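Take a walk through this structure, one chain at a time and then across the contact between them. Keep the 3D view open as you read.

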Amino acid sequence: MNAPLLAVNDIGVRFGGFVALQGVTTEFRPGRVTSIIGPNGAGKSTFFNVLSGVLTPSSGSIRFKGDDLKGTKQHEFVHRGIARSYQITNIFPDLSVHENVRVAAQASRSRYNIWTNRNRFTELDAKADAALESVGLVAKRDETAKFLAHGQQRALEIAIALISNPEVLLLDEPTAGMGPEETKEMVALLEKLASERTILLVEHKMKMILGLSDRILVLHHGRLIADGSPRDIQTDPEVRRVYLGQNDGYA
Amino acid sequence: MTSPALAVSPSASARKPARFRSLVTKYRVPLSILALCLLPWLLPSKALAVNVLIYGTVAVGYNLLFGYTGLLSFGHAAFVGTGAYITGIAIGQFGVPWYLAVLMGVIGGALLAFVMGALSTRTRGIYFSMVTLALAQLVYYVALQTPSWTGGENGLRGFTVNKINLFGFEINFLDPVNKYYVLMVFAALALWLVSRILNSPFGAAIEAIRENERRARTCGYNVERTKLLSFTLSGTICALGGTMSALHLAFVPLDSLHYLSSGMIVMMTLLGGASSFFGPFIGALVFLVMEDVFSLWTSHWQIIVGSIFVLFVLFLPKGIWGTFLTKVMR
C-alpha cells in the first residue's frame, strides 16, 4: 500500500470553552475521494480549515508527504500542494472570469515583480484558459465574475483551486445552493477530477456522496465516530443513531 | 486592469469606444505627460500649476495603496512631510546638492513608509486607518518637538535653491516656468513608475487582495508582505512629492505633516476617482483650482469645496475621471 499523503494526528481545536474538534486521527492516501459528513456543527468546516491552514489546531499535528505543517502559513499550503474551495462562494467578483484564474495561476509564478508587464507572462493565459476549459467556463471567459450564475461561480472557484495543480483538493460543499441540474454537472466534473488527484469533500447530499466517495468519515460533536467505505457507513449503527436520532433526514 | 467597458458584450456600437478606452489605458503615461506639458499654459498661475504637479504626484502615489490595494490610510502626510523636511535639512544644514537632497528625501520617506507599513498592515479596516493616523501624528509631534532641526512651529526655512546645474546648463530655478518643467520631470517619472507597477504581476496581486483578501491568501499570496510592499511604494512616491514641494516653496510648513494634509490627499483622490490611474491627478487639479478660485471670493472656501466633495462621494463615487471614463467614453 502506498504511503499516506496527508496525515493528522490527535487534532484538537478549541474556541474558548467550545471544543470544535477533539482527538481526530486519520490519514489520506493518494488518488481517492474521501467525503466528510456529519450533522451541522459536527466540526466538518473546522476540520477543513485545519487541513488548509486557515486554522492552527490547538493540539495535535498535520503531516503532508511526511513534513510537519506546524508553523506553515496559510498562503504556503497551496504552494505545497493543498488547495481548497469554500462553502460560501469565494471568488474575485469584479475581475473577469479569465483574470480570476490568471491571478491565481500567477501566485505560483510571480508575486512581487513590480517591473515586468504582466502580459508578458503568456503561459499564464494558456494555463488559465486550460483550467476554464476543464470546468466548462471557456465561453464565459471575458465576463465579470459576479455576473455569472451561481453554479458557474462555484465552477470558477474550483478552476481557481485547480490552477496550482494541487495534489490534494479540499472542496467544501461544492454543490451548496445548486439545483438538481447544476448538481449533476458538478458531480460529472468531480468524477473527472477524481481520476487525477486526491479529493476531500464536505457535502450534505447523501446520494451524491455515496455514489462518488471511496471512503467516508463521519464527524459528530468534533469526534470521528466512523470511517469506512460507503457500504460500511450505511450500515454502521452509530452513524444511523446519530443521523436518525436527530431525524434531520440526511440518512 | 479591470475595465468595466470590456465587461459589456462587444456589440457593434460599444466596440469603438471600448477600443478608444483601451487605447487611453495603453498610452496613459505619454498622454498624462502631454497633459502635464500643457498644464501651466491652461491654469491662471504657474505657482498653481506647480502645486497641481506636486499634489497630483502625491495623490497618484497614495492611490496605489488606496484605490488599487484597497487600504485607506490617513497618514500619508507623514511621507510627504518627511520627504520635504529631509530635503530641506540636507540642503540648508549640510549643503548637499539639490538632486542628492531629493534622493535622500525619497529614501528617508521610503524607510519611514516601510516602518509605518510594517506596523499598520497587521491590522485591518478601520483599525488600519486609525493606526496610520496615529503613527503620522507621532511624526508630526516629533517634528514639532525638534525645532533645532525642523524649525518647529515656524516650519523649515533657509534652503532656497536659486539655480540648478543640468549637464553644464545653468537653469534659473526661480523662474516659474523653468521650475515647473524641472519638477515635471519628477512627476512624469512617478507616473511612469506607478503605471509600471500597476501593469506588473504585483499590480495584479494587489488588485486581487483588494477584491478578496481571503481568496488571494488561499491562492498563495502572502497578503501581509504584499500589503507592506504596496504601502512602502506608495509612501515612496508621496515622499518624492514632498521633496518637490520643498524645492518649490523653499519652505516646509509644519502643517505638511498634519493629519489635515493626509485628509486632503484622500479628498483629492476620491474627487478625481480612486478606480483609475490618472483620476487622483485630476482630483488634485480640481481641488487646487477650486481652492484658488473660491478663496478669492470667501475665506470660507472650504465649505464650498467640502460640499462639492460630499456630493461627489454620494452621487459620483467613481469620481470625476472615473465617471468620465465609464460614462462618457462608453
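Why is helix 12 of chain B largely enclosed by the rest of the structure? Of its 27 residues, 24 are buried, so the rest of the structure largely encloses helix 12 of chain B. Keep in mind that this is a predicted model. Helix 12 of chain B reaches 39 Å from its first C-alpha to its last. That is close to the 39 Å expected at 1.5 Å a residue. After helix 12 of chain B comes A250(B), with a positive phi near 55 degrees.

Chain B also holds a hairpin. Strand 1 (residues 163-166) and strand 2 (residues 169-172) of chain B pair in the antiparallel sense, over 4 bridges. Within this pairing, E170(B) in strand 2 of chain B is the bridge partner of N165(B). The hairpin leaves 2 residues between strand 1 and strand 2 of chain B. In the turn, F167(B) has a positive phi of about 50 degrees.

Now turn to chain A. Its secondary structure comes to 9 helices and 10 strands. The C-alpha trace of chain A spans about 60 × 40 × 40 Å along its principal axes. A compact globule of 251 residues would have a radius of gyration near 18 Å; chain A has 19 Å, which agrees. Buried residues make up 42% of the 251 in chain A. Consider the contacts in chain A between residues at least 6 apart in sequence: 66% of them join residues at least 24 apart.

Next, a sheet in chain A. Here 4 strands form an open sheet, in the order 2-1-4-5, with antiparallel pairing. Its edge strands are strand 2 (18-28) and strand 5 (67-68) of chain A, each pairing on one side only. Strands of a sheet pair through backbone hydrogen bonds, either parallel or antiparallel. Strand 4 (residues 59-64) of chain A is joined to strand 5 of chain A by 2 bridges. There, F64(A) has D67(A) in strand 5 of chain A as its bridge partner.

Helix 5 (residues 150-162) of chain A comes next. Its 13 residues should span 18 Å at 1.5 Å a residue, and its end C-alpha atoms are 19 Å apart, which agrees. Helix 5 of chain A has 11 of its 13 residues buried, so it is largely enclosed by the rest of the structure. Among the buried residues are Q152(A), R154(A), E157(A) and A159(A). What covers the buried residues of helix 5 of chain A? The cover includes strand 6 (82-85), helix 3 (97-106), helix 4 (122-134), strand 7 (168-172) and helix 6 (180-194) of chain A, together with helix 11 of chain B.

A159(A) leads on to the nonpolar core. The largest such core has 165 residues, and A159(A) and L53(B) have the most contacts inside it. Helix 4 (residues 46-66) of chain B gives the most to this core, with 13 residues. Leaving aside residues up to four places away in sequence, L53(B) touches L36(B), Y180(B), L183(B), M184(B) and A187(B). In soluble globular proteins, nonpolar side chains tend to be buried together.

Finally, look at where the chains meet. On chain B, 26 residues are in contact with 32 residues of chain A. The elements giving two or more residues to this side of chain B include helix 1 (4-7), helix 9 (176-199) and helix 12 (223-249) of chain B. Helix 10 of chain B gives the most, with 7 residues. The residues on this side of chain B divide into 12 nonpolar, 9 polar and 5 charged.

Terms used. Residues are numbered from 1 along each chain as its sequence is written. Chains are lettered from A and ligands numbered from 1 in the order in which they are written. This is a predicted model: local features need pLDDT of at least 70, side-chain atom pairs count only at pLDDT 80 or more; totals for chains, interfaces and linings use all residues. Two residues are in contact if their C-beta atoms, placed from the backbone, lie within 7 Å. Ala, Val, Leu, Ile, Met, Phe, Trp, Tyr, Cys and Pro count as nonpolar, Asp, Glu, Lys and Arg as charged, and the others, Gly among them, as polar. A nonpolar core is a set of buried Ala, Val, Leu, Ile, Met, Phe, Trp, Tyr and Cys residues joined through C-beta atoms within 7 Å. A residue is buried if 20 or more other C-beta atoms lie within 10 Å of its own, exposed if 12 or fewer, and partly exposed in between; C-beta atoms are placed from the backbone. Two strands pair if DSSP finds at least two bridges between them. The expected span of a helix is 1.5 Å times one less than its number of residues. The radius of gyration is taken over C-alpha atoms; the globule rule is 2.2 Å times the number of residues to the power 0.38.
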